[in-house]
Amino acid sequence: MSAPGYPGYPNHPPYPQPGGPGAPPYPVPAGGYGDPGQPPVPGFNMGYNQGPPPVVYQPGPAPGQGPEYGGQPMGIAPAPVSVPVGVPPGLEYLTQIDQILIHQKVELLEAFIGFETNNQYEIKNSLGQKIYKAKEKNDCCTRNCCGSLRSFDMKIKDNMDREVIRLIRPFRCVSCCCPCCLQELEVQAPPGTTVGFVKQDWHPFLPKFSIQGADGQTVLRLEGPCFACNCCGDVNFELKGKDGEQSIGRISKQWSGLLKEVFTDTDNFGIQFPMDLDVKLKAVLMGACFLIDFMFFEKVGEANQRSSVFS
């Protein structure tokens, strides 16, 4: 018995043409992906190279990740592949924003009995999302004996609890009669690598500061009002260029409400700067904001607390 044959095999007729004898063959596909003689349609990438991924450095929880998928609970989304050159680790997100909000956390012990504790802050973007946290590192004696003039180390950490910035403030006076011992603050990012300084400039009436790079050269200037107190309004420290002429941003002490302003030293600040400003200078401006808080608004809160406790 012979094996079964296929159409076209000897002694077997071929497959019939569609439409009967004399009909045209199968239609030829239109030019496109399957036609090597035609170019690909617009938008089709022959090399499958979609380019670098978008730079997204927003710290935040990675949705859907858990221990069973190899991630940590409430873990942080993985860092992007492309990292801007010269940006200290952990500060990549600052390259995309032109505004920062700083909120000082209320300490209950400090609010009720006036006992000075280490200041703690939350640093947020313009949408209110927390991007960093800052905490003062100091001892009890220094906090309560030196008050707002105290020296301190402040650690700024990201949402993965990695220290990305360290602020170092030595003990200095604030008297306008002592121009040789004015306030200053060193900014390190990462810790151990100095990226800039904030130094007070002597002036008999106005609070002025120089924003300096790692080499000690003045890059920007800050100038505040004659009376740095916010009576039902904001207090603005204008950020200007090296020549001190044109305003390019500001540090604002925002009015927090009557109860908070009178009974606590909890403060809210906003920092505005150009989007294309060097990310290291953005970190230095954050340090300038903390220095301004201690110099002009921490002592106001201390005085209000003492008066409320002993009255």
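A residue is counted as buried when its relative accessible area is under 20%, as exposed when that area is over 50%, and as partly exposed in between (1.4 Å probe, protein chains only). The structure is a predicted model, in which local features need pLDDT of at least 70 and side-chain atom pairs count only at pLDDT 80 or more, while totals for chains, interfaces and linings use all residues. Residues are numbered from 1 along each chain as its sequence is written, and side-chain values use heavy atoms, with hydrogens and water left out.

Phenylalanine 237 and phenylalanine 296 are both buried. A search of the whole structure finds five aromatic pairs; rings of Phe, Tyr and Trp (its six-membered ring) pair if their centres lie within 6.5 Å, and planes under 30 degrees apart count as stacked, over 60 as edge-to-face and the rest as tilted. One of these pairs is edge-to-face and consists of phenylalanine 209 and phenylalanine 296, with 6.4 Å centre to centre and 90° between the planes. Phenylalanine 209 belongs to strand β8 (residues 208-213) and phenylalanine 296 to helix α4 (residues 279-310), so that the pair links distant parts of the chain, 87 residues apart. Helices (H or I, at least four residues) and strands (E, at least two) are DSSP runs, numbered from the N terminus. The relative accessible area of phenylalanine 209 is 1%, which means that this residue is buried; phenylalanine 296, at 16%, is buried too. The ring centres of phenylalanine 237 and phenylalanine 296 are 5.8 Å apart and the planes lie at 40°, so this pair is tilted. Through ring pairs, Phe209, Phe237 and Phe296 are linked into a cluster.

Glutamine 200 is located in strand β7 (residues 194-201) and counts as buried, at 16% relative accessibility. Its contacts (heavy atoms within 4.5 Å), not counting residues up to four places away in sequence, are Leu182, Gln183, Lys208, Phe209 and Met295.

Two strands pair if DSSP finds at least two bridges between them. Strand β2 (residues 120-124) pairs with strand β3 (residues 130-137) in the antiparallel sense over five bridges. The hairpin of β2 and β3 has five residues between the strands, and glycine 128 there takes a positive phi near 85°. Strand β3 is also joined by six bridges to strand β4 (residues 152-158), again antiparallel. Alanine 134 of β3 stands opposite tyrosine 121, and its bridge partner in β4 is isoleucine 156.

No disulfides are found in a search of the whole structure, a disulfide being a pair of cysteine sulfur atoms within 2.5 Å. Cysteine 145 is exposed, with a relative accessible area of 63%, whereas cysteine 289 is buried at 1%.
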